[in-house]
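Here are some notes to read alongside the model.

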Amino acid sequence: MSLLREYIDHKSSLTSLKLFNFFIYGSMVIFTSFFQLYLLDVGMTKLEIGSLMALGPFVSLFANPFWRSWGDRVYNMKRIIILMLIGTVLLLQFVFQANTYPMVYFMMILFFFFQTPIFSHSNSLILGYIQDTSHQFGSFRMWGSIGWAITAIVAGLILDLTGISGVPILFTLLLILAIGAVLFLPPLHRTSHTPTLHLRGFSNILTHRYFLTFILLGVLVSIPNAMNNTFMSLYISEIGGSKWMIGLAVFLSSFFEMGFFMLFDRFVKRRITWLFGCLALVSLLFSLRWLLMAEATLPLEVAAIQVLHCVTFGGFFYVGTQLTMLLIPRPYRATGQAVYTLSWSGIAGVLGAFIGGWLFQSFGAESMYTTGMIFSLIGAAGFTQMWWIIRKHGYELPNTHPEQELDEEPTL
């Protein structure tokens, strides 16, 4: 009888973990895809919206290390997730009630402090619960992708009926459901699995010219993607698209992502020259995507173009992660991955929101996407140059400590 009870409790906890991922990713798609329309509706300009959304990746630079450090100290990931979710829900209410710009900005800084680390900690939560089991991370993370895609479509239909004023209700409801799912999980007394940014590793990595060049080119290519993430919904609305069309665009950008990751696993070769060649190709596809966006005149065209997201951003994220492992010596790989993530989600996110807001406000969406195409072409040229240099001259891992013997050589 006790074995049956343990089995039922185990199955129940796994179901709660899947539901948590579904609801938390569903709530975030409301924020990333429809919150900008709410801000425009209450009178903010595109430049003001861009500067406000840029606070998110900027605050995350400080919020992620804080919550990771506290999580390791408290040794209870479930409790940390609950605290972040409750803080996000409470501060969200103040954001929607704020009636002056200074108050909106102040409340958004506090909101981002609780909200931005949730994604990385939700991944750590999954890893903690499936550790020492036969379960795979992807089978749980997939529920986040499902929640993201389905919520985008359903929310678009609902907001077409209720108006943009329904955003606060939908956002709050999904966050409360996410909290409910976490409460049904058993306690998790384990530390975070998030890569740590060590200062010594950071200083060594910044003197690594190949990796530093890779990061700078990656930021350049990621800036247009951050522009699109911030302003695509406003662009669709501006050319006459409905909320449902915005939801469809988000759905198409995420629906095929898991399938492409499986294809990358199977066909992408883990060799430095091959990976730099892939990044050059991905950057060219990015430039094609932004060219098509600049030329689009119908909302359905914009939605259809988002299918390229799975192979452009998906390819950039996957290949960049693999390349970081090959460019950086083993002792500093966790720091290298943290720097790589920081570059495309943090630095590029801040610059993309600011630059995109200014371009959209001053010159229109066509100029914003044309600029993004130029950035991507420069990135493609840079990655091609790196491919040619390494193919011609080879590559050796930097030995950051003379007494340290490198345990493997990179494959060219």
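1. The protein has 16 helices and 0 strands; helices here are DSSP runs of H or I with at least four residues, strands are runs of E with at least two, and both are numbered from the N terminus. Please keep in mind that this is a predicted model, where local features need pLDDT of at least 70, side-chain atom pairs count only at pLDDT 80 or more, and totals for chains, interfaces and linings use all residues. Residues are numbered from 1 along each chain as its sequence is written, and side-chain values use heavy atoms, with hydrogens and water left out.

2. Among contacts with a separation of 6 or more, 85% are between residues 24 or more positions apart; a contact means heavy atoms within 4.5 Å.

3. Buried in α4 are Val104, Met107, Met108, Phe111, Phe112 and Gln115. These residues lie on the same side of α4, because they cover an arc of only 140° around the axis, taken from the directions from the helix axis to the C-beta atoms.

4. Aromatic rings deserve a look, with 27 aromatic pairs in the structure. Rings of Phe, Tyr and Trp (its six-membered ring) pair if their centres lie within 6.5 Å; planes under 30 degrees apart are stacked, over 60 edge-to-face, and the rest tilted. Phe211 and Phe214 make a tilted pair, 5.8 Å centre to centre with 50° between the planes. They sit 3 residues apart in helix α9 (residues 209-238), so about one helical turn separates them. Phe211 is buried at 1% relative accessible area, and Phe214 is buried at 1%.

5. Which helices does the pair of Tyr235 and Tyr369 tie together? The two rings are tilted, with centres 5.4 Å apart and planes at 45°. Tyr235 lies in helix α9 and Tyr369 in helix α16 (residues 365-393), so the pair ties together parts 134 residues apart in sequence. Both Tyr235 and Tyr369 are buried.

6. Lastly, the cysteines: the structure holds 0 disulfides (pairs of cysteine sulfur atoms within 2.5 Å). Cys310 is buried at 2% relative accessibility.

Technical notes
Buried means under 20% relative accessible area, exposed over 50%, partly exposed in between (1.4 Å probe, protein chains only).
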